[in-house]
Amino acid sequence: MSTLTTDRQDERLQNRDGLRGVLADVLERARGGDLGVIPVVVGLVVIWTVLQILNPIFLSSANLVNLTLESAAVGIIALGIVCVLLVGEIDLSVGSVSGLSGAVLAVLFVGQGLPVWLAIAASVIMGAVVGWLYGQLFNRFGVPSFVITLAGLLAFLGLQLYVLGTKGSINLPFDSGLVNFAQLDFVPAWLSYTFAVVAAAWLFASGYLHARERRRAGLSAKGVPMLAARSVALLAVLAFVVWYLGQTRGVGWMFVFFVALVLVMHYLLSRTKWGRSVYAVGGNVEAARRAGINVRAVYTSVFVLCSTFAAVGGILAAARLAAANQSSGAGDVNLNAIAAAVIGGTSLFGGRGTAFGALLGIIVIQSISSGLTLLNLDSSIRFVVTGAVLLLAVVVDSVSRRSRTSHGRA
Amino acid sequence: MSTLTTDRQDERLQNRDGLRGVLADVLERARGGDLGVIPVVVGLVVIWTVLQILNPIFLSSANLVNLTLESAAVGIIALGIVCVLLVGEIDLSVGSVSGLSGAVLAVLFVGQGLPVWLAIAASVIMGAVVGWLYGQLFNRFGVPSFVITLAGLLAFLGLQLYVLGTKGSINLPFDSGLVNFAQLDFVPAWLSYTFAVVAAAWLFASGYLHARERRRAGLSAKGVPMLAARSVALLAVLAFVVWYLGQTRGVGWMFVFFVALVLVMHYLLSRTKWGRSVYAVGGNVEAARRAGINVRAVYTSVFVLCSTFAAVGGILAAARLAAANQSSGAGDVNLNAIAAAVIGGTSLFGGRGTAFGALLGIIVIQSISSGLTLLNLDSSIRFVVTGAVLLLAVVVDSVSRRSRTSHGRA
Amino acid sequence: MTVLSLRGISKTFGAVAALTDIELDVAAGQVVAVVGDNGAGKSTLVKILSGVHPPDAGTITFGGNAVEIPTPAAAHRLGIATVFQDLALCENLNVIQNLFLGQEIRPLRLNDVAMETRSWELLRQLSAKIPSVRVPVAALSGGQRQTVAIARSLLGDPKVIILDEPTAALGVAQTAEVLNLVERLRENGLGVIMISHNMADVKAVADTVAVLRLGRNNGVFDVDQVSTEDIIAAITGATDNAVSRRVQKGARS
Amino acid sequence: MTVLSLRGISKTFGAVAALTDIELDVAAGQVVAVVGDNGAGKSTLVKILSGVHPPDAGTITFGGNAVEIPTPAAAHRLGIATVFQDLALCENLNVIQNLFLGQEIRPLRLNDVAMETRSWELLRQLSAKIPSVRVPVAALSGGQRQTVAIARSLLGDPKVIILDEPTAALGVAQTAEVLNLVERLRENGLGVIMISHNMADVKAVADTVAVLRLGRNNGVFDVDQVSTEDIIAAITGATDNAVSRRVQKGARS
Amino acid sequence: GSGSGGGDAGGGSGGGTENAKVAFLMPDLASTRYELQDKPLFEAKMKQLCPTCEVIYQNADSDAAKQQQQVNSALAQGVKAIVIDPVDSAAAATFVKSAQSQQVPIIAYDRPIPATPADYYISFDNEKIGQMIAQSLVDHLKKENAEGGILQVNGSPTDAAAGLIKKGIHSAVDPSGFKLLAEYDTPDWQPEKAQTWVSGQITQFKDQIVGVVAANDGTGGGSIAAFKAAGVKVPPVTGNDAEIAAAQRIIAGDQYNTISKPIKIVAEAAANTAWEFMQGKKPAGKATLYDTPSELFVPTVVTKENIKEVLFDSGIMKAADVCSGEYAKGCEELGIK
Ligand SMILES: Nc1ncnc2c1ncn2[C@@H]1O[C@H](COP(=O)(O)OP(=O)(O)OP(=O)(O)O)[C@@H](O)[C@H]1O
Ligand SMILES: Nc1ncnc2c1ncn2[C@@H]1O[C@H](COP(=O)(O)OP(=O)(O)OP(=O)(O)O)[C@@H](O)[C@H]1O
Ligand SMILES: [Mg+2]
Ligand SMILES: [Mg+2]
């Protein structure tokens, strides 16, 4: 027993080491329904296969490049939604706020002729202010966020129409840096590969340092072969993606920006005190309050983040369309963003979810929409099929998760 | 102490009797934030006053008659939403299902020439089947209801378009009973007054019998003066409403139908075993399961109810418009129905809410929309004002409720 | 006559083996105390018996027949009533509603009056100090809630009652009433499984004591023939333990 | 030296007067046991002291100054650490995350390793039987959770520790460790308020015993000069009560 | 039910035309023209005809039920006439019924109400519009000897007007000899959706696409953005509504055409007719459509060739609004000042 690390001494624990142990562990977790994002990935693979069979263009490099670019704007909005859902609240107004942000950008940039960075800053700040307002209303009056943001949905839609005013639709110049960023800027191949290598190296290095620290503290840790295997796998996947997308236009900067935001949010949520308090508030707000956490500040911060991300998403959407108009942000932006978060495993009741969920979720949603777009169906059939495929994706996920309750995890 | 009834013997209880006691009680409860629907009513009164000042037509009899008729269809849908929210789930597809139901009705009745009752029955059954399907998916695969019904939203929108086919829009004959029911059938004045009297008498009688039973069992009970005062108040309110609406067209049968459904649902939720289990599942599903409740059956039943009500609402909406078209049920039906439930005090987290909440909530929402319709605003301004007024209504409610947490009630 | 008997029951949660190869017998009119350290698996055993978790392996015999208990409803049907350690009450419902949850009087037109009267009866019997039965359970104190949970298990007509630390949050008077209650249940011929950390209570009402240790059986004792020290030694797995050291220290000082 | 002193504290919930005109004094290095029947208002008092509920009336003096404790954060700042009866843990977070909630090491780049090491230390000290600290608290047994809650209150550098029925769900060994802990806290000069229904524990570690009855003070006793029977009589408000009757019955049989 | 709603309300119910009210009810916000052109033009003309009259303007936001509420509320306010552009031509029958049952004349504007004759119908024909933009594109392609196929981007599948435009487009594209590669109903007329769809078709059909018929300027703009974003040459793309943004794209050479409706003429004609009804007269139509006295106006297809005359010389648009920044050069070349 003395050879066991501090955290492995309980004799009820079934300790497994090495690669075989990892496999046994995965199996065990699969039985327990605790597979993290794997089921969503499986769902995604199923959908991709089906769509590819229906139309062989679907998995073509060119189409996947489109897919990445189309995911970015709504994906960033979904990232904000994840934060709000994590504390058990909701924001229905992300569509309107993104539309308003695009409108503000266009009016300032094109209408008033301000420099683009100033217009962007103004839009983003507008988003943050909206979120701050929500936070105040929520904290001071205790109005359910559903209602606050429903009011916001209406009010900011009105504001969007008002800001666009007599023009109704404003073109962004095609040769501006912003539009280029969203439409035509791709990462050069060498840089993409460098990114892939850096990511893999970083994964290994941080894992290695962490394991060393743990071992020094007398705790169990992953072995070097494990860590190396993991980084090599990541490298292989990334390199393949870069290579395949590079067959046509490559990896868009906008997508890189989105992924970077996901990584930053992942860090903030999982490695900072703030992230901890977000999960705590979502899990049990009263317990969080009693632990001395400033619950109001946490609520305000997530509302601000969510609206800010909505504004950023709105800017990118406008840039990608090269126009801001009255219907920007309308339609299913809200639903798609929330659905992406939920499909990615975020609970509507708070306390469960990850930033990567938003990435996966939006890719599922955009895959469905892009795949069906290629099929040239009647719109009535298209709606039905979209619904069915969406359900299919999530059933795969849920079925693999559902043994969970019977194993006692809620 | 021996004179105290069984439920009043604890010496920590501050017992109050008679009318003065009731007043003290209400004050106490106001401090504790436990006022039931009173705050919503206050919010409603505030809004009515504001809107009346802005346009003196608003509270005119003719406009209120319109208001009642316009509330019925979405109100019935909101009633179903209340049930789903009570168990802590959601249905995003009520709009689509109502649209589909209207389309099915129109196609069967006008297109196929079936008798109207058969067409109605078919639509309603279609709604029930949809709900049953949701229940199965939810129970068997554990897919979050948000995703199931989002898929349903898309699929049934597609089906609606498909059913309407190339026509796109189908008129219902004006002289059919159904359209008359929704547009032109009003309760004769004498019958309206009879209804009012019956309601008041019933309130008194049931209260009296209940009090007698309680007193026999040695429990505290409301006194006859209290009961009488309550019935007289109800009578006065109802008689005034009937009289005022009677100044123009009176009380529409469709509204009576809606109110009747609210009463039935109120009974089912508060006075039956099924209603209890709905609240229990919403409060703590694991506890409900351990108490031996068939949790799956409860989920299925609320999904079925909700879709069925959505179908009924869709039929009435089609009847009121005398047409079913591609955009029936689209737009803000979903949001309005959910918002009505939430404004009426139903919690999105389950376990709290009433059928009357749906009635009050939809009246708030329709008042705002009708009041602003009278104001002749630009759409942009109208959206902003709608948002602001909606918020106002709910802030009044929430402020009066919020002392609750500081008084320890969650 | 054995009403309930377990053989080879095992249960794993992820990497943790919560129960391994458990045996237990309960006869009618017998009070079996199950004791063990924190995390020994007592509540897991209770949950398996009441249909909350399915066991991974093993057989359950009830009234002579091998049975499966896949859901709590199945346990209710067999006649197993349980007071759970986490109480399993609905906080949004009031005391009456919780007491009668799933067994309401007059399902289609609830008989509030009868239910309220019966609630007061049950609670009085347990010396409950609850000011009003019409407040949501969320507003009750810990002990009041536990009393409600205990009262609820008495409502049906069970053959076996399982009490998972029923007196943990109770006051001295209420604890005494619950012990009285357990004795009455035994006299009425019910099988009782009681889990407790309080050796005095165990010695007072139990007939046999089954000890669990780290998820395994660690001895079944006849209560008259075992000392408190021996039980504690079986629980902690050593005669030199924190308890005995405290006792010694107390004796010395 | 009195660190904490309450005068005239009252609190009503709706129609129920939970606390009426309560007085209480705690000195540094003193263990005050608060006892009382279920629903006597003990936890309400704790919640007022830890900033969960504001009192309706009355004054709180802490370290000689009149203070207001509007939020739990304010209580933390004053140096009041509390173990709540309902534990107040976040079920979705794991043991380490719960232990360090609100006081994480290295806020901008959490130091998981240091926190895990410290967690094991604390838990070992309390003889906790927790197989892994990286599982969500939802997966712990009742006693394991209570140990986590107790361990958490030791993390900061409090002046007063309030324990609301800290041993209710604990096993015998863990209970002994907690009593040891309370003694250590006293030796370190902390003020301790301990709520308990277990008279043996109260007599073992407390210096004074304050009795609450139906929300009112019902006597403060020096633990050396009062018998268990007297405390129970003060709690139940009568010398002839369920407890004494059980004791008599036990003696007779 | 025959009681007039506003009977007890102060303002607009007197017998005469003093302070009379008239309702002007528009269908949606998907096209900017209703708020930006129709409404101000109608109001201005009305003001000129009857300075004390009040115009009640409402927009139904694509929701027939909301439009019904607006009609009822207008009736409750005691309007003397209703000018309505119905969201759903079929459902509008019921509005005609309720208005006429209260002796309020109702004028169908822009879209007809076939099922129940309104009192008057003033419009251009949506089907014709679809046909005209598509034909203009087809003619252009034929002139250029283009070879390949056409994409068709329709309006919202839940919008009746979009259905009419779609029909019109088909009537020009189907017999044109160009292959219809694919078509798409754009949910909610959203440009983003159009962009996504066209992006997909570009990967699928690559350079087979020689033209895109888009049902309005928004979806047209989305289609153009798709080509730009794919980094390929933008083929001729149509539009409809003559928005400023579309005019800019035409000037810059990105969009091939749009269509300008003589909204000023139509809106003023509607005001005139409404005024006549309000005075108790019964104006006779220049034609009869759907049993309704009608007046139809013909829109003009706008391309780079005629944009100066149609949009700027006529005063519909001001050069200052359009020729900002990057478009200044294009304007100069076309002589727009
Ligand atoms: N749902 C669950 N998921 C994962 N592990 C669990 C779950 N329930 C219990 N366990 C683990 O199983 C072991 C036994 O738990 P159990 O609740 O049966 O203990 P117990 O004997 O009742 O302890 P206590 O006296 O503290 O109540 C514990 O180590 C616990 O962590
Ligand atoms: N949040 C609340 N809302 C309403 N009433 C409450 C609330 N909290 C406590 N009460 C009431 O106040 C009284 C005192 O409760 P408290 O929890 O303080 O009792 P306690 O002494 O801790 O009892 P126990 O020993 O059972 O834990 C009880 O009657 C309870 O019903
Ligand atoms: Mg246990
Ligand atoms: Mg307590």
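**Charged pairs, a core and cysteines**

I will begin with one residue, Glu286(A), which is partly exposed at a relative accessible area of 29%, where buried means under 20%, exposed over 50% and partly exposed in between, with a 1.4 Å probe and protein chains only. This is a predicted model, in which local features need pLDDT of at least 70 and side-chain atom pairs count only at pLDDT 80 or more, while totals for chains, interfaces and linings use all residues. Residues are numbered from 1 along each chain as its sequence is written, chains are lettered from A and ligands numbered from 1 in the order in which they are written, and side-chain values use heavy atoms, with hydrogens and water left out.

Which residue does Glu286(A) form a salt bridge with? The partner is Arg289(A), and the closest N and O atoms are 3.4 Å apart; a salt bridge here is a side-chain nitrogen of Lys or Arg within 4 Å of a carboxyl oxygen of Asp or Glu. Both residues belong to helix α12 (residues 285–290) of chain A, where 3 residues, about one turn of the helix, separate them; helices (H or I, at least four residues) and strands (E, at least two) are DSSP runs, numbered from the N terminus. Arg289(A) is partly exposed as well, with a relative accessible area of 25%.

In chain E, Glu268(E) and Lys264(E) form a salt bridge of 3.7 Å, N to O, and they are about one helical turn apart because they lie 4 residues apart in helix α9 (residues 263–278) of chain E. Salt bridges that share partners also join Asp7(A), Arg214(A), Glu116(D) and Arg134(D) into one network.

Let me turn to the nonpolar side chains. The largest nonpolar core has 279 residues, and those with the most contacts inside it are Phe146(A), Phe146(B) and Leu151(E); such a core is a set of buried Ala, Val, Leu, Ile, Met, Phe, Trp, Tyr and Cys residues joined through side-chain atoms within 4.5 Å. Leaving aside neighbours within four places in sequence, Leu151(E) is in contact (heavy atoms within 4.5 Å) with residues including Leu180(E), Trp197(E), Phe205(E) and Ile209(E).

Finally, the cysteines. How many disulfides are there over all chains? A search of the whole structure finds 2, a disulfide being a pair of cysteine sulfur atoms within 2.5 Å. Cys50(E) is joined to Cys53(E), with 1.9 Å from S to S, and the torsion about that S-S bond is about 80°, so the disulfide is right-handed. Cys323(E) is joined to Cys331(E), also given as 1.9 Å from S to S, but here the torsion is about -85°, so the disulfide is left-handed. Cys331(E) is buried, with a relative accessible area of 1%. Cys306(A), by contrast, is in no disulfide, and the nearest cysteine sulfur, that of Cys83(A), is 7.4 Å away.
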